[in-house]
Amino acid sequence: MDKLGVTLSGWDLENPIIAASGTFGYGYEFASWYDINILGSISLKGTTREPRFGNPTPRIAECCGGMLNAIGLQSPGVESVISEEIPKLRSVFKKKVIANVAGFSVAEYVQVAALFDAVEEVALLEINVSCPNVESDGRVFGSTPESVALVCREIKKVVKKPVYMKLSPNVANITEIAQAAESAGADGLVLINTLLGMAVDPATGKPIVSTKVAGFSGPAIKPIALRVIYQVYPNVRIPIIGVGGITCADDVIEFISVGATAVQVGSQNLRDPCVGRDIINELPQKMDEYGIETLGGIVGRSHR
Amino acid sequence: MKKQAFYEIKRNQPLARDIFLMTLVGPMNFEPRPGQFINIKIDGFYLRRPISICSFDEDSMDIIYKIAGNGTDALSKMSPGQKLDVLCGLGNGFDLSLAEGRRIVLVGGGVGIPPLYGLGKALKAAGAEFTAVLGWQTHDQAFFIDEFSAICPTRVVTNDGGIGKKGVVTDILREISYDYYFTCGPEPMLKAVYDLGGNGQLSFEARMGCGFGACMGCSRKTLGGGSKRICMQGPVLRSDEVLFSWINLE
Ligand SMILES: Cc1cc2nc3c(=O)[nH]c(=O)nc-3n(C[C@H](O)[C@H](O)[C@H](O)COP(=O)(O)OP(=O)(O)OC[C@H]3O[C@@H](n4cnc5c(N)ncnc54)[C@H](O)[C@@H]3O)c2cc1C
Ligand SMILES: Cc1cc2nc3c(=O)[nH]c(=O)nc-3n(C[C@H](O)[C@H](O)[C@H](O)COP(=O)(O)O)c2cc1C
Ligand code: FES
């Protein structure tokens, strides 16, 4: 195994650095900042079946060590992502990508996943279960082991590509949900999506983001992401992609140490568009400094 | 062309109450256009702060900003010689070609005025004739009246009547004749200018996560059912594509 290379369900990545969904557009927006082919891969913006505008603005607020967002899954719809966005990305990015699948019903998840499954450029399906189930009680799919398992099982019935469930940390027992996903046939996990947070204007007492509560991300959530991966890792056999607050090579090594096989860099792309490239350049030096020969060799070492 | 670079602060001086003029020296090879903005990293703040380019030359650019919160307050305390990490070349900028041969008016409100100055300089260089209508809430926040007067006939209004006419920019627009406008300022002012009718271009603000099209934080619905990312497909929209009532339509 080479120094930076990692494998996710049979898919070989040159390095473990993946751009996180929703923070990297459709990838080509970053081609003017640097040659994005250096990245391990890119996870595309969450995609729904139909075109959606998403939430009203303001959708963004700042907080200490991070940010809040309530984009509300703005999407041109899966057909347009496949016919327009992926070809545009293909002209500047030669590697395979991760399709991030969203849905407001089990049927929608299955349809979007099936359409992406047929796309050559897509290596892996990442299922974002932080969406409300509008056909049931309106709670997010990710909130119970049963609904996560249901979405996973139904998708697995119709697709051939590996299915990774991206879990919400806004639950009492995430290990239980991770295990339910594994039992339902998930090929891997992506940990974690944003936390629920809030920002308020002190002058008026009014929430800043239109949806009042919003997804909290950035360096401030890193300890929580590390803790979640640390807790889930010994209880599942499937690989974990770690995400949450990563900004530098040390963070990557920490995430892999607690049990991640690969990582995603999210919010930091918005602040420092070249952060993905910078981490990849910094990583070999940090590994040498700590006497790490291969990243594959340190997965889960915090548990040993 | 988008570029990330470090710029040295050459000056950072007050122009009016809570209003600062900052000159940044550094690479100007990003092909700046009037109406574009930069996104500035400020120590201690996670998100960058978007500020319009006021004017530029071969080796520097000027920005004018108002202390609107903690980030711009920190910016106002920085000294010449300090360096800033800046994303440049953001946004579409004004399209001058659409105004060719027209009687043009530039309509600015508060810190929406700075990008119109760079636009005015470009219009003058192109030999265009135009008038500026500049408005502020209070007279002690007014700036650049002399600079505008040097390039075009300039009319001033303030809500408090301390300088120029007492009133709002549309009071003046009703008095003068024009058939194309460029406007930037607070949303209610943009809407008032738009509601007077005619064709033009409007520069919008939005809360931004990135400033370069990656997060969809700044999306705004446009006429005909679509939407645009204000940071990338804006901040300037044509009057025939804008939609003001969309927030209420949600
Ligand atoms: C394209 C564009 C061009 C701009 N040009 C100028 C200019 O030339 N001069 C000038 O004085 N101001 C300009 N602004 C507004 C300026 O970005 C805000 O005043 C500034 O971000 C406030 O930061 P703060 O930390 O002081 O305020 P805070 O309220 O503490 O900021 C908190 C967060 O809200 C955001 N925010 C707050 N107010 C605004 C706003 N009005 N627009 C967008 N984001 C906001 C901040 O960026 C930050 O992320 C522009 C905004 C945009 C979108
Ligand atoms: C603006 C924004 C949009 C996001 N959109 C999505 C999305 O569409 N689908 C998804 O699964 N996660 C989305 N996320 C979550 C990120 O992919 C990531 O899981 C989370 O932000 C934590 O990582 P970070 O702290 O590095 O940002 C979004 C995050 C942000 C900040
Ligand atoms: S601010 Fe991120 S897309 Fe416009």
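**Exercise 1.** In this predicted model, find which atom of G71(B) lies 2.7 Å from an oxygen atom of ligand 1, and then look for other such pairs around the ligand.

*Solution.* Start with G71(B), where a backbone N or O atom lies 2.7 Å from an oxygen atom of ligand 1. Turn next to P50(B), which also brings a backbone N or O atom, here 2.6 Å from an oxygen atom of ligand 1. Then take T72(B), where a polar side-chain atom lies 2.4 Å from an oxygen atom of the ligand. With a cut-off of 3.5 Å for a pair of N or O atoms, the value for T72(B) falls within the limit for a polar contact. Finally, consider the cover: the protein hides 86% of the 830 Å² of accessible area that ligand 1 has on its own.

**Exercise 2.** Describe the shell of residues around ligand 1 and say which element gives the most to it.

*Solution.* The ligand is surrounded by 19 residues, and the closest include R49(B), T72(B) and E205(B). By kind, the shell divides into 10 nonpolar, five polar and four charged residues. In chain B, β4 (49-52), β6 (60-66) and α1 (70-76) each supply at least two residues of this shell, and β4(B) gives the most, with four residues.

**Exercise 3.** Work out how compact chain A is for its length.

Methods. Residues numbered from 1 in each chain as written. Chains lettered and ligands numbered in written order. Predicted model: local features only at pLDDT ≥ 70, side-chain atom pairs only at ≥ 80, totals over all residues. Heavy atoms only, no water. Near = heavy atom within 4 Å. Polar contact = N/O pair within 3.5 Å; in protein donor to acceptor, adjacent residues only side chain to side chain. Areas by Shrake-Rupley, 256 points an atom, 1.4 Å probe, with all protein chains shown as cover. Nonpolar A, V, L, I, M, F, W, Y, C, P; charged D, E, K, R; others polar. Rg over C-alpha atoms; globule rule 2.2 N^0.38 Å.
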